[in-house]
Amino acid sequence: MAQIDSIDKLIQIIQSRDLKEHLFENVELKSSWQLDHGKKICAFANIINQKNSWLIVGINDEGILLGNSEKWAKENQVVIAQQVNEHLNPTQAVRSITCHEINSYWILIIHIVPPGALTQWKKQSYKIVGTSCTQMTPEETMQLVVSLPGLEDYSAQSTESELDLTLIKNFASHICLQRNEAQFSDLTNCSPEDVLKRIGLLNKRTADILFGKYKFRVVIYTASGEPVYNSTENSLIKLLSLNFIDLIKKHSGQYSTKALKEALANTVAHTAYFDKQGDVLIEIFPNKLIISNLCLPEAAHFANKWFSRSRNTTNILLMETLRLAKHVDELGRGKNLIFSECIKGGQKPPNVSIEPAGQFSRWRLYLYAYSDDPIQTKIFNRLKTLYKDDFKALVAYALVLWRNVPVSHISKYIDGESEQYFVEILQDLNGPVFFYEKEDRLMLHRWVRVLIEEGQDAKTFTPSEEDGLRNFAKELQTKHYQGYITPKELRLLAHMTETSSEKALSSKLLRKWTNEGHLELISSGKYKFKDPYSSYSGIAALLGQIMKSSTVSNESTVGTLLGDAQQLI
């Protein structure tokens, strides 16, 4: 049986009405899409030595088009993409799902490429048997797993393309400068072809992505959101140049150069180039930058995990090439670097959104220009002073920023070394937040609230706040410390800080409560809550003795006790 290796050849055969399912071993024709057809996709993907397979919807087994409309094709394209994302693993076994008009009728073509790893549909693996497919046995599954090379590295695939030789030479110079190692010392004297050979990129897709036909688009907007510049360019290595960073800064606010470099490098490294060359888009606004690209649906797992070192890419050769040139972080700290640089610069925190984009998803990173927010800087500096650890201070400040997000959701952003910090901060009475476990939410401690709302270190308590604090302090100190309290202990209970203004406020409160009769001064800086019921309890005891004495008519004793009671009153 014959095979069809390109989509152009496939469409040509359909147009000539020569496509018959029984004549081509790598083609499956379907009148309409049904969920179970995913089994055939899975089975095609598990054929080791078959580079391309095609499942076509909207045509019968005899190759006759069924008269479907464009609306039908677009709607089914969305449905198939959603079901592939949900049920196919790995999803990159489906290279594309495209709509085509042939002789005024519409069809869908699903392009299937073995990914180099076991493929499953709804957690089951399938194989081709004759003209149908069947579920594989556990033994067959293990045999296939052992024989497969592992998940295909898209960036390592072979390809030939016209490359920009100047960009290759510049890249060689960059490697020499960054590495300063003997093995790269003569790289600048090599021809572009020899450079690619030396670093393992000759006729590889990585070279095409960095120096060839792979495209990215740049759009510059005015403050009112009107585009004033729209350009599509080849060669993604240009995104990593200082010239491109200067372009961003020229037309937008100021950003951390480190954050920009890391954000752009991550985009180049992790884009899903399977479809539309990754559809990389850089949108430059006066006060923000949006970097977006296609990604695999599972990339949503990494979105906004700024404190996690977990990462994954199918572009292994591309990633190693960028690491060789020191365009990406060696230890997976890039996400934290982006977040920390933004916070240290007084910017709004970065944010990632994930949106459906057909078979793939769209990763959209938002970076905001310097706002020089003095309150944000003050809170962060206060946290650095509190924890004596910049990383822990960043985690704490992130919790302040995420205060309206359920803690159960925030916990998904946290792993590795940041997890222990997360727990410690939630339990810290001096920290910025209180974890209200019953409602799964964070509440800002007073000092943070005052800084955010008033922009100052201290604020006088309202009468209701003061009454609540006094009653709370009295109950706690009486229960555990015989009613004694100091200004420092009061600040701890009120979640105040150790600024001079907060110290003055706590001392002033204790003096006020003393004047009002709630406290008595024991010694300098030490007070004790009065028990308003202590006199009455003494009176009650004396009256009890009086009653007891009166029953034995001991007049002198009764008189003495009544005198004592009168003194208490």
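**Exercise 1. Find how strand 2 and strand 5 pair, and what packs on their sheet.**

Step 1. Strand 2 (residues 53–57) and strand 5 (residues 105–112) run antiparallel and share five bridges. Strands here are DSSP runs of E, at least two residues, and helices are runs of H or I, at least four residues, numbered from the N terminus. Two strands count as paired if DSSP finds at least two bridges between them.

Step 2. Within this pair, isoleucine 56 stands opposite isoleucine 109 of strand 5.

Step 3. Helix 1 (residues 7–15) packs on the sheet and touches strand 1, strand 2, strand 4 and strand 5. Its direction makes about 35 degrees with that of strand 4. Contact means heavy atoms within 4.5 Å. Angles run from 0 to 180 degrees between N-to-C directions, with axes fitted to C-alpha atoms, for helices over the stretch in contact.

Step 4. Helix 3 (residues 70–87) also packs on the sheet, touching strand 2, strand 4 and strand 5, at about 20 degrees to strand 5.

**Basis of the values.** The model is predicted: local features need pLDDT of at least 70, side-chain atom pairs pLDDT 80 or more, while totals for chains, interfaces and linings use all residues. Residues are numbered from 1 along each chain as its sequence is written, and side-chain values use heavy atoms, without hydrogens and water.

**Exercise 2. Describe the surroundings of glutamate 341.**

Step 1. Glutamate 341 is found in helix 11 (residues 334–344).

Step 2. Glutamate 341 is buried but has no salt bridge; lysine 258, the nearest side chain of opposite charge, is 4.5 Å away. Buried means under 20% relative accessible area, exposed over 50%, and partly exposed in between (1.4 Å probe, protein chains only). A salt bridge needs a side-chain nitrogen of Lys or Arg within 4 Å of a carboxyl oxygen of Asp or Glu. Lys and Arg count as positive, Asp and Glu as negative; His and the chain ends are not counted.

Step 3. The side chain of glutamate 341 makes a polar contact of 2.7 Å with that of serine 256. Such a contact is a pair of N or O atoms within 3.5 Å; within protein, one must be able to donate a hydrogen and the other to accept it, and residues adjacent in sequence count only if both atoms are side-chain atoms.

Terms used
Lists of a residue's contacts leave out its neighbours within four places in sequence.
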